[in-house]
Amino acid sequence: MEPGSEKTGAVQAAVVDDGSSLEGQNAPINEITHSSAMDAADMRRMGKQQQLVREFKTFSTASFTGIAMATWEVGLFTISQSFINGGRPGLLYTTIWNFICFIPIYLSMAEMASMAPIAGAQYHWVSEFAPENCQRFLSYISGWSSSIAWQSGNAVGIFIVGSLIQTIISVNDESYGFAPWQCTLLAFAAMLLAYTGSVYGHKYLPRWQNPVFFLRILCYLAYIIPIWVLAPRATHSQVWREFSNEGGWSSMTLTLLVGQLTGISQQVGVDGSVHMAEEIQDASASLPKIMMYIYLTNFAFMFPAFLTVSYHVPDIDAALADSTTYPAIYVLRQSMSPAWVTVILVLILMLNFASNMSFLTACTRDLFAFARDKGLPFSGWISRVHPERRIPQNAATLSCAIAILLGLIYIGSPVAFYAINSLGAVAILQCYCLSIGCVMWRRIYHSETLPPSKFKLGRWGPWINGASVVYSFWCFFWLFWPQGTPVTAPE
C-alpha cells in the first residue's frame, strides 16, 4: 500500500543522511510551495512529491489545531457520562489522571512527527517503523482506522452545531421539542458552511486562525467569570469527595473507570496538526512544539471549565434533568438571564463553526494522504489535487458526503448515530497504540535505522514508548463500556 514501505533499515538510513546536512538551511526555496530545504529533504526521504502549499507557520498551526479540537467548547457538552459515573470528583480526577497519562503518548508522537512530518501521520509511521514482513498489512489497518476516526469526528462536529442551535431555541422556548430531522438539516447546513470555508476560503485559513484563537480565550472568560460570580455553589466536600454511581456498577472503582470517557475523549486529537504537515513551513521542527503547546493549553482551558461546572452544580440530578440535557447550560441558566445565556451560546456556536472548518481541513488531508498511497477505493480521484487551489478538493467533497450519509442515521436513531461515531475515539487510540508500538520495536531492535529528528526522546525513548502503548490500550479497552448497567434495547 505505502509506496515507500520497503525502504526501511539501512536503505532508509542512507536516504536520511542525504537530508540531514541541510539542517539550519530553512529559508523558503520554492516560491510556489514555500518549502524550506529541510521540508524538501524530508519529502524526498519519504518518497513524496510536494503538491500542497506550505502556508501555515508554527503559531497559526497551533491555533488551527486548538480550534479544530474545540476542547472546552465541545468538552462542556460531554460531561454527563462522568456526572453519572463518578459525579463531580469523578469528572475532575479522571481529567487529571488522563492528562498526566497522555503525556508519554504525545511525547512519542512528537518525536515521530519530527522524524517523518507527513500528512499520513500514524499509518505512514507504521509503514516506516514496523517489521518489514508486516509493514503493508499493519499500515493498511492503521490507515483505515485513522480514516474512520477522522470521518466520524467530522460527522459528530456538525451535529454538535445542529444540537447547539436547537438548544438555543429551547433556552428561549421551553415547549420546543428536539426533533431529530431538524437537527439533521441544521447539521447539513453546518457541513456546507464548513466545506465552503475549507475549500473556497482555503487561502484565508492561516490568516484567521490566530484571531479566532484569541476570540476563544475571550469567550471562555465570558463563560466562566459570570458563573463564579453569580451561580449557586456546591461545597468543597461535594466537589472533591461526593462520588456517585448512577450507572449501577458493582463498585466505585469500576464506576470511575467507566466514567473516564470525558477525560479520554478530550485528550485525543492533538495529532491533528500532523495531518497538516505538508502545509507547514519547517514542519519537522515546528510540529513537536505545536503538539506539546496545544496539549498543555487544552488542559489549561479544559480543567478550569470542568472545575467551574462542578463547583456550581449543587444538585447533580437537577443538572442532568435540565431541559437542554446539558449540565453546562444548566449552570449558565442559574447565573444569568435567558438573553445572556443565548449570547454566550451563540458565541460558542460561532467557535464550533470555525472548528468544523479546521477539522474538515485536517480530516481531508488524512484522507488525501491515504488515497495517495492507494489505500482506498478510487484512490486516484480522491487524491487528486486541484490545479489552481492546490488542495485535495475531491477528498473534501467525499468527507462531506460521508458526514451527510452518517447523518441520515440520526433521523432514525440519535443513539445509534452516536454509538457508531463513538468508534472514532476507539479507532484513533488503536492508531496511537500501533504506531508507537512500531517505533518502539524499531528503537529496540534496529535503532540505527531510525531517521534523525529535531525532537528526541533519547535514552528514555523505550520507556516512554512502552508507557504510551500500555495506556493507549488501556483507554482503548474502557471506551467500549456502556454508560450504565443493565443495558436495555433502546440504549
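This is a predicted model: local features need pLDDT of at least 70, side-chain atom pairs count only at pLDDT 80 or more; totals for chains, interfaces and linings use all residues.
Tutor: Residues are numbered from 1 along each chain as its sequence is written, and side-chain values use heavy atoms, with hydrogens and water left out.

Student: Why does K374 count as exposed?

Tutor: Exposed means over 50% relative accessible area, buried under 20%, and partly exposed in between (1.4 Å probe, protein chains only). K374 has 59% relative accessibility, so K374 counts as exposed. K374 also has a positive phi of about 65° although it is not a glycine.

Student: What makes R390 partly exposed?

Tutor: Its relative accessibility is 22%, so R390 counts as partly exposed. R390, too, is not a glycine, yet has a positive phi of about 60°.

Student: Why are α6 and α7 called roughly parallel?

Tutor: Angles under 35 degrees count as roughly parallel, over 145 as roughly antiparallel, 65 to 115 as roughly perpendicular and the rest as oblique. Axes are lines fitted to C-alpha atoms, for helices over the stretch in contact, and angles run from 0 to 180 degrees between N-to-C directions. Helix α6 (residues 87-101) and helix α7 (residues 103-115) pack at about 30°, with axes 4 Å apart. That makes α6 roughly parallel to α7. The contact (heavy atoms within 4.5 Å) is made by F99, I100 and C101 of α6 and I103, P104 and I105 of α7. Helices here are DSSP runs (H or I, at least four residues; strands are E, at least two), numbered from the N terminus.

Student: How do you know that R45 forms a salt bridge with E128?

Tutor: A salt bridge is a side-chain nitrogen of Lys or Arg within 4 Å of a carboxyl oxygen of Asp or Glu. For R45 and E128, the closest N and O atoms are 2.5 Å apart. The pair links distant parts of the chain: R45 sits in helix α2 (residues 37-45) and E128 in helix α8 (residues 122-129), 83 residues apart.

Student: What makes E111 and R443 a tie between parts of the chain?

Tutor: Their side chains meet in a salt bridge (2.2 Å, N to O). E111 lies in helix α7 and R443 in helix α22 (residues 423-445), so the pair ties together parts 332 residues apart in sequence. Both E111 and R443 are buried.
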